[in-house]
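Here are my notes on the two-chain model you sent over. Have the structure open while you read them.

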Amino acid sequence: MPSPLTEKQTLEIGKSNKRKYMLEKLSARIFLLCALLSVLSLLLIVGFVFYKGSHPFVAEGYSFIDFVFGVDWVPSEGKFGIFPMIVASVFATFGALIIGVPIGLFTAIFLAEIAPKSIAKIISPAVQLLAGIPSVLYGVFGLAIIVPFLQNNLGLAKGQSLLAIILVLAIMMLPTIVTVAETAIRAVPKTYREGSLALGASQIGTIFKVVVPAAKSGIMAAIVLGLGRAIGETMAVILVAGNSLIIPTSLTDSVRPLTTNIALEMGYAFGTHQEMLFATGIVLFSFILLLNFVLAKISSKGGN
Amino acid sequence: MRKFKDNLLRGLLWFSAFLTVAVLVTIVGYIFYKGYRLINFDFIFGDYSPAGDGGIWPMIVTTIYTIAISLLIATPIGILAAVYLQEYAKQGRLVKTIRFATESLTGIPSIIYGLFGAVFFVTTLKLGMSIIAASLTLTIIVLPVIIRTTEEALKTVPHSYREGSLALGTTKLQTLYKVILPSAMPGILSGIILSIGRIVGESAAIFLTAGTVAAMPESIFSSARTLTVHSYLVTQESGDIELAAAIGIVLIVIILVLNLSATFISKKLNKADY
């Protein structure tokens, strides 16, 4: 029996099918390529920063120990010590965490559990919006209000200080912490609360003994995100830091954290000086990895 | 005793929430109060003048350039990468590596992106301090955002859609762009809008890659300042809080409009689809 299609038609269908299969295969390859681009970007970033930053220690005979623990940063004399900046970064970040985390967390609990619905419905989206406001504006506010306030009330010669950084960073991390923690607390199943209340626990007792522990991993994520925002912040910090190269002995000292050192000097640095700024970047990078690791450890310990 | 403790904690909860709202309202209120007098047609659409009485149009144009270029590159790559991870990849070591890379990129602070951009795009690729160098750096910054939101959107497309389409004899590719991507569109769009917000708010990375020239950019290869960088520089160099606050108002309005349209789009398209 002859085929209903002519030979030519069969051939054409075969050809178009072949093209279709080719296209399928090709597109899968292209999708894979796109996905691999993020791996490539990460490798390029880490590679370039580490290559540039390790060069003075590998090829120019600088000591990494002197770099990390040295107290003098005088690029024109070849002195590169970033210890004061490390101390400033650590103090600023932890200070901001100590103020920002409890307030942010309590606000999140309030919005998710206690607040009347009508109030939460206005405040939650507003706070969410504030998480998206450019961080520079927090710095502008800090310089215009917080710095003069500290200067006048604490009798300082200069209001730009470690304390000013801590306050600006704490305020800046609030919206992030509130938004993420609130989502986590809202995600706790209703039955948990009902069970606890049925056993005779009070509303507050239920919140702190049942709901918050159940939302622990989400709350931890909120803290890590807030922390990431604080430690990497640069431009807002420059405005309120004062940028003196000293090891802070009190909260009112003017300091220069790691990030601001990079931003302030990158514009004109070259040669070894520029490479040392990349090395500063490596220290900042390791610092972030370490903090995330510690927080992950803390949260897993709390679970046992 | 228990009652006392409960009341104390309840009081603390109210107090914290009050404090948070008060602080945030103060910041936004202060910026509007300080800057509103400068806002007028000439301020927004006028050319910059070093004397300080000019407008911010060059910075707005620069900001638009950076948004357009980085999205033009990051959106297709990000969407296709998410399609690969969700629709094509077999779960295994490769996918794990890609996920790890995307997550790590999210955690890198923008100043490190700035360092990288300054040595790779500006120096190695010889683009110089320019809008294009900044946009390419921003592309890497928003890529993880687009990948993650697109993945989330693809996850919400019901499996039956894919099965129904494939059962009609379509190829995987046809199913993808006729069925899956259209139904994931609202989520993808919100992701793109989120990325615009991230680009508008970015400062440190742009500061190190686009430079600080305060003039209308001649092309994407010129150095220029975005709104955020301008706001930083006028505060740092001349202490002109009023001008910085006026730019701040423009930025806050942009972010507000972006957020509202993201909410609107996802609501509207969701209704149309299901």
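1. Ground rules. This is a predicted model, so to speak of local features pLDDT must be at least 70, and side-chain atom pairs count only at pLDDT 80 or more, while totals for chains, interfaces and linings use all residues. Residues are numbered from 1 along each chain as its sequence is written, with chains lettered from A and ligands numbered from 1 in the order in which they are written.

2. Chain A, make-up. You get twelve helices and two strands here (DSSP runs, H or I of at least four residues for helices and E of at least two for strands, numbered from the N terminus). Their order along the sequence is α-α-β-β-α-α-α-α-α-α-α-α-α-α.

3. Chain A, shape. Its radius of gyration (over C-alpha atoms) is 27 Å, well over the 19 Å that the globule rule gives for 304 residues, so chain A is more spread out than a compact globule. That rule is 2.2 Å times the number of residues to the power 0.38. The C-alpha trace of chain A spans about 105 × 70 × 40 Å along its principal axes.

4. Chain B. Eleven helices and zero strands make up its secondary structure. The C-alpha atoms of chain B fill a box of roughly 70 × 70 × 35 Å along the principal axes.

5. Burial. Of the 304 residues in chain A, 44% are buried; for the 274 residues of chain B the figure is 45%. Buried means 20 or more other C-beta atoms within 10 Å of the residue's own, with C-beta atoms placed from the backbone.

6. The interface. In chain A, 69 residues are in contact with 69 residues of chain B (contact: C-beta atoms, placed from the backbone, within 7 Å). Helix α1 (residues 7-59) of chain A gives the largest share of the chain A side, 21 residues. By class, that side has 53 nonpolar, 13 polar and three charged residues. Nonpolar covers Ala, Val, Leu, Ile, Met, Phe, Trp, Tyr, Cys and Pro; Asp, Glu, Lys and Arg are charged, and the others, Gly among them, polar.

7. A helix pair in chain B. The axes of α5 (residues 110-124) of chain B and α6 (residues 131-156) of chain B come within 9 Å and cross at roughly 135 degrees. Axes are lines fitted to C-alpha atoms over the stretch in contact, with angles running from 0 to 180 degrees between N-to-C directions. α5(B) and α6(B) are therefore oblique to each other; angles under 35 degrees count as roughly parallel, over 145 as roughly antiparallel, 65 to 115 as roughly perpendicular and the rest as oblique.

8. Who touches whom there? Residues of α5(B) including B:Tyr113 and B:Phe121 meet a set in α6(B) that includes B:Leu136 and B:Ile140. The residues of this contact divide into eight nonpolar, three polar and no charged.

Terms used
Two residues are in contact if their C-beta atoms, placed from the backbone, lie within 7 Å. A residue is buried if 20 or more other C-beta atoms lie within 10 Å of its own, exposed if 12 or fewer, and partly exposed in between; C-beta atoms are placed from the backbone.
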